[in-house]
Amino acid sequence: MKPPVDPILIHLGPNFGIHWYGLLIVTGVLLGAIYASWRARMDGENPDHVWNGQVAAIILAIIGARLYHVFSETRGGMIGWSYYRENPKEILYIWQGGLGIYGAIIGGILGVGLYAWYARLRPLRWLDYGAPGLALGQFVGRWGNFVNQELYGPPTNRPWGLIIDPAHRIAPYNDLTKYPPDTLFHPTFLYESLWCLLLFIVLAVIAHKLKDRLVEGDILLGYIIGYS
């Protein structure tokens, strides 16, 4: 199995285009916000706060995701702090890739918290509304990794394994003498995507069925535990 489409959905020039990855991320964000606004409305809250707070959450999520990538040190040929400290201007080259989900989560939570403080809301309540939607968004967004041929695991002989083009491989799997072009790899993106879908369902059911027994922050904590 390998992606049947070009990673760039629409080419708008030699150095610019609309990528499948970006489209899927935006779709996931919108679906998550739709769920969160529905939950807020069910509790008699103004759902507009979801859409207003999402602006701060998205901005800080992108900043957090980039900083996590920049200051991380990874193995397998991926660039990190040892590279960026020698090339500091490339920290801003976000279009070349390099975002870390953990930084995005931290930044997003901070964004919701700041908006809640500004709007005089209870932050844990609104984070509880958003936590299941975050898992739903990740379920959708991870398919961007499939299109980009990234987030794969070690070799496998399972029929659902991925074929990764040599240009997209990291060490040691870019050694074609040991790992020929038809080598199959575990679709790690798929495992995480399906897990996030399950996590969304579980959290949404708990939030709906047990809301009278929960305290504020329980659903957020459930997301952190479940995603970890």
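Colleague: Which strand gives the largest share of the nonpolar patch?

Modeller: The largest share comes from E1, with 3 residues, and Leu12 is placed in that strand. This is a predicted model, where local features need pLDDT of at least 70, side-chain atom pairs count only at pLDDT 80 or more, and totals for chains, interfaces and linings use all residues. Residues are numbered from 1 along each chain as its sequence is written, and side-chain values use heavy atoms, with hydrogens and water left out.

Colleague: Which residues form the patch on the surface?

Modeller: Leu9, Ile10, Leu12, Phe16, Ile18 and Leu23, with about 520 Å² of accessible area together (Shrake-Rupley method, 1.4 Å probe). Patch residues have over 30% relative accessible area and no salt bridge, nonpolar side chains being joined within 5 Å.

Colleague: New topic: how many aromatic pairs are there?

Modeller: The count comes to 13 aromatic pairs, taking ring centres within 6.5 Å, with planes under 30 degrees apart as stacked, over 60 as edge-to-face and the rest as tilted. The ring centres of Tyr35 and Phe200 are 5.3 Å apart and their planes are at 85°, so this pair is edge-to-face.

Colleague: Where in the chain do those two sit?

Modeller: Tyr35 is in helix H1 (residues 20–42) and Phe200 in helix H7 (residues 188–209), 165 residues apart, so the pair links distant parts of the chain.

Colleague: And what lines the second largest pocket?

Modeller: Its lining divides into 5 nonpolar, no polar and 6 charged residues, and helix H5 (residues 123–141) gives the most, with 3 residues.

Conventions
Helix = DSSP H or I, 4+ residues; strand = E, 2+ residues; numbered from the N terminus. Nonpolar A, V, L, I, M, F, W, Y, C, P; charged D, E, K, R; others polar. Patch = residues over 30% accessible without salt bridge, like charges linked within 9 Å, V, L, I, M, F, W, Y side chains within 5 Å. Salt bridge = Lys/Arg side-chain N within 4 Å of Asp/Glu carboxyl O. Phe/Tyr/Trp six-rings, centres within 6.5 Å; stacked < 30°, edge-to-face > 60°.
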